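Trainee: Before we look at any single part, could you walk me through the model and show me how each answer is reached?

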Amino acid sequence: MSVSASPALAARMSGRAWGLLLVLCGAIFLEGIDVSMMGVALPSIRADLGMSTGSLQWVVTAYVLGYGGFVLLGGRAADLLGRRRMFLTWLVVFVVFSGLGGLATDVWLLVLARFVTGVAAAFMAPAGLSIITTTFAPGRARNRAVLVYAGAGAGGFSLGMVAGGLLTSVDWRWVFFAPVLMAAVILVAAVLLIPREPRPAPITGGFDIAGTVTLTGAMMLLVVTVVRAPEVGFWTTVGTLAATVALFVAFVLVERRSAAPLIRLGILRSAPLLRANAGALLLIGSFMAFQFTVVLYLQELRGWSEVETGLALAVAGIDAVLAPTLTPVLVNRFGNARVIVGGLVFSALAYLLFLPVGPDWGYLAMLPALLALGVGFALAYGPLTIAATDGVADEEQGLASALLTTSFQFGAALGLAVVAAVIVANTADGSQQAALDGLRSGLLVPVAGAVVGVLLTAAGLRRKAVRAA
């Protein structure tokens, strides 16, 4: 039901609808803060469990692969089984396995808990976003709601760095336990505020399990290929890369023949949707690669504490203020596409400013890069969310939301895999200078990702201008 069905109905529903939005914003904030806190806690987890740089990124990558690999199935489940049911059920799973991660004493159990927590988020996220896009009417009301929702997610990414530092200073396990407490509060509020839906129609065609398996397998194998590339021979890398391509091809073939495909391939004919998803992949992949590199620089090279690291990165959390306030104004004034390009330009500028990092940089030298990153994230994250769901029919909002989330999560996994591989390959020995050289090489990854994102989204603007002319 839309909040603008009639003026009287809109007036009656506005309070409850915005209360509902607050609950769903809490959930996406939880997902963002969960990933971001983990980034700050990685050095402490490594010290406690004895992990290498290559294996360390799996603590985050397992989560985002579970998220990205199953979110398309989650989107279809939301459309067919009910958005409220999927959101509440998988929020419970999120609580249980986040708590299990905090109790883990072995690496394999920690990685498994992170993977299942990611799967739970994969079913929650498209359900939550599609509740918003089917509750608020298309146009200004929906755009405002989506920007507030996206701002909450962006704020979670940024503020999680501060929260992660504070919690890790007590014990890194609190990075797992704190989301459990927050999720429990959200669960109670969600039960009260998410409206019950009519009984779903009988399911026809079932679920595309084969598509889920081939897609998730392809993404996992690609990440493994990138991470292990510096350690294995050329032909081993070529072989696993070929297997990755084969799995992606198998996924496409499965989708073409399936009675109930995970992705209706026709939706991918939309150039704006493809550009939005590619932009989302590059935005988050660059951000995660940058965060991974900077945290290692501050904690392992400079010897900063978790709290100092979190507070240093806190300024990037300016996006939590700008996204719901400044970004809607800019979108209304200049249009969605121009704001996305501007956000990616600011992101590229942030990474370039940090590129000449030295062994004894003061905080004032880092500050311009972190401020630019916060502005860039605020400008790009929400408008990309709008672009990826705009013009999509209500019955496919779950699918469109899931495609966007897949892009965000796979971008995070790929960004982490690439930057970890680059750092390992360019760290010659255990000296401080070698470590700094490796980290500087790693910073080239987010620079390249953001620049490609600018070129891609700017090309879309040029095409639109040509069509208008």
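Trainee: What share of the 469 residues in the protein is buried?

Mentor: This is a predicted model, and a residue counts as buried when its relative accessible area is under 20%. By that cut-off, the buried part of the 469 residues comes to 56%.

Trainee: How many helices and how many strands does the protein have?

Mentor: The secondary structure has zero strands, and the helices number 16. With the globule rule giving 23 Å for 469 residues, the protein is as compact as a globular protein of that length, because its radius of gyration is close to that value, at 21 Å. As for the count you asked about, it is zero strands and 16 helices.

Trainee: How are helix α10 and helix α13 oriented to each other?

Mentor: Helix α10 covers residues 271-301 and helix α13 covers residues 336-354, and their axes come within 11 Å and cross at roughly 25 degrees. Angles under 35 degrees count as roughly parallel, and the two helices α10 and α13 are therefore roughly parallel to each other.

Trainee: Which residues of α13 make the contact with α10, and what classes do the contact residues belong to?

Mentor: On the α10 side the contact is made by Leu 283, Ser 286, Phe 287, Phe 290, Val 294 and Tyr 297, and on the α13 side by Leu 344, Ser 347, Tyr 351 and Phe 354. Sorted by class, the contact of α10 with α13 holds no charged residues, two polar and eight nonpolar.

Technical notes
Residues are numbered from 1 along each chain as its sequence is written. This is a predicted model: local features need pLDDT of at least 70, side-chain atom pairs count only at pLDDT 80 or more; totals for chains, interfaces and linings use all residues. Side-chain values use heavy atoms; hydrogens and water are left out. Axes are lines fitted to C-alpha atoms, for helices over the stretch in contact, and angles run from 0 to 180 degrees between N-to-C directions. Helices (H or I, at least four residues) and strands (E, at least two) are DSSP runs, numbered from the N terminus. Angles under 35 degrees count as roughly parallel, over 145 as roughly antiparallel, 65 to 115 as roughly perpendicular and the rest as oblique. Contact means heavy atoms within 4.5 Å. Ala, Val, Leu, Ile, Met, Phe, Trp, Tyr, Cys and Pro count as nonpolar, Asp, Glu, Lys and Arg as charged, and the others, Gly among them, as polar. The radius of gyration is taken over C-alpha atoms; the globule rule is 2.2 Å times the number of residues to the power 0.38. Buried means under 20% relative accessible area, exposed over 50%, partly exposed in between (1.4 Å probe, protein chains only).
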